[in-house]
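I opened a notebook for this structure. The entries below follow the order in which I looked things up.

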Amino acid sequence: MHIVFYSTSDVFEAEEKIKEAGIECKIVPTPVTDKAYCGVCIQINEYDVTKVLNGMEFQIVD
Amino acid sequence: MIYFDNAATTKYKPEEVYKAFEYYVREVGVSPGRGSYQLGIEASRMLYKTRKKIANYFGMDNANVLFTKNSTEAINLFFEGYLKQNDHVIITCYEHNSVLRPLHKLHEEGRITYSVITREDLNLSPDEIVKKYAKGNTKLFCTTLASNLTGRIVYSKDLLKHMKDKGITTFVDSSQGAGKIKISITSDSIDYLSFTGHKDLMALPGVGGLCCKNKPDWKPLIQGGTGILGDSYINPDVFPEGYEAGTLNMPAIWSLNSAIGYCIDNFTVIQDKEHALMRYLLSELEKLSNVIIYDKNFERVSTVGINVAGVQSSEVVKVLDKNGVCSRGGIHCAILAHEALGTVETGVVRFSLNYLNSMEEIDTLINVLNDCR
């Protein structure tokens, strides 16, 4: 799945938080045509990262 | 050549800073937030890491850091966005023109009013200052960390706290002294702080920024490409990109990342060396009967302003330059401080040292000044 953000800066803050939580993730181009989100996002396996990203604004895209 | 103009720009940088710049331009060389290829992603990651490092350095508990090309642009961005019609602002008499001029322009446009805390009144207690200067419509208090003219540390945690307790937003211009005085946005009652890379933080010129305790909700200073939401006709309402239109100076930003690391790792060494140099410089200047030292008895950064009795500052600077000493005369973009010191007509000769200077260089300076009669 993909976690998408409005801000590119938030992508890297989220990457930091996810990796600190010991979860593997990867930054990839955003694979959606929805122009609301920035050009890169986080690709991750099916983990519930809601707690890890608490307070951040994001959307999950399958 | 002896370089005593570090308050303008630190000429000599730590080797790590040069290497960081070279690494960025050679090995990365692309802009953050633009391409979604791996190198572009790495550039964006390096940008985020630098935001975080700056935030940590200034004691923030988030990474709300906006990049600009210098402190002046950050201050303009802040004032233009934050201040509203009929707001009142309090500043100190030691503010740089980068604070005075944007405020005065807003004043001339009939948008705001401002008051200047006099040099004498800075000796009052914080409570007395607040009582004397704060009004019902006072929105903002601005203070420099240190005077760029005399080196005096103006920053006062107590005064910032008193202003905050009165419901006034606080702003610190850390351009002078950011690498030399430990401050904390979270602990020291600071809402906004501007910084510049090329002075005491010892990075390359061309990067500065604004630290914001809370994410701003006001308009950006400039419109343009932000790398996100490209189909919108105006900047997106997204922090921080909506405030950073145009390509960022990433080589300078990456050099700042390295420079801050150096400042953190060597804080005590730098501080001890600069304190020793300043003690020696002040003691030697005091021995010269023809020299007037300004703000001699205040805590200071490694800057001092003087005059040679009966000689224009520009003439002293000229003589020093002929002897291989780089110093700065004139007004130093600090007209309020000159008005407070009574030196508008003569200007002041400023010596601003850093830890790479030596006692021998100070001896050379003193010998030249001794001959300036």
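In which loop of chain B does B:Asp295 lie? I found B:Asp295 in the loop between strand S9 (291-293) and strand S10 (303-308) of chain B. I take helices (H or I, at least four residues) and strands (E, at least two) as DSSP runs, numbered from the N terminus.

Ground rules. I am reading a predicted model, in which local features need pLDDT of at least 70, side-chain atom pairs count only at pLDDT 80 or more, and totals for chains, interfaces and linings use all residues. Residues are numbered from 1 along each chain as its sequence is written, and chains are lettered from A and ligands numbered from 1 in the order in which they are written.

Backbone entries. I looked up phi of B:Asp295 and noted a value near 55°, positive in a residue other than glycine. Most residues other than glycine have a negative phi, and most peptide bonds are trans. B:Asp295 counts as buried, with 22 C-beta neighbours inside 10 Å. The scale I use calls a residue buried if 20 or more other C-beta atoms lie within 10 Å of its own, exposed if 12 or fewer, and partly exposed in between, with C-beta atoms placed from the backbone.

I then turned to B:Ser189, which is not a glycine and has a positive phi of about 60°. B:Ser189 sits in the loop between strand S6 (169-173) and strand S7 (192-196) of chain B. B:Ser189 is buried, with 20 other C-beta atoms within 10 Å.

Which two residues does a cis peptide bond join? I noted B:Phe239 and B:Pro240, with omega about 0°. B:Pro240 belongs to the loop between S8 and helix H7 (250-265) of chain B.

Sheet of chain B. I traced an open sheet of 7 strands with mixed pairing, in the order S2-S8-S7-S6-S5-S3-S4. Two strands pair if DSSP finds at least two bridges between them. Strand S2 (65-68) and strand S4 (112-117) of chain B are at the edges with a single partner strand each, so one side of each has no neighbour in the sheet. The twist from one strand to the next averages 20°. S2(B) runs antiparallel to strand S8 (residues 208-212) of chain B, and 4 bridges join them. I checked B:Val65 and found B:Cys211 as its bridge partner in S8(B).

Sheet of chain A. Here I found an open sheet of 4 strands, antiparallel in its pairing, in the order S2-S3-S1-S4. Strand S2 (26-29) and strand S4 (59-61) of chain A are the edge strands, each pairing on one side only. S2(A) pairs with strand S3 (residues 40-43) of chain A over 4 bridges in the antiparallel sense. I listed A:Val28 opposite A:Cys41 and A:Pro29 with A:Val40 as its bridge partner. S1(A) and S3(A) also run antiparallel, joined by 2 bridges, and A:Ile3 stands opposite A:Ile42.

Contact between the chains. I counted on contact as C-beta atoms, placed from the backbone, within 7 Å. The contact takes 12 residues from chain A and 16 residues from chain B. On the side of chain A that touches chain B, H1 and S2 of chain A each supply at least two residues. H1(A) gives the most to that side, with 4 residues.

Conventions
Axes fitted to C-alpha atoms, helices over the stretch in contact; angles between N-to-C directions. Contact = placed C-beta atoms within 7 Å.
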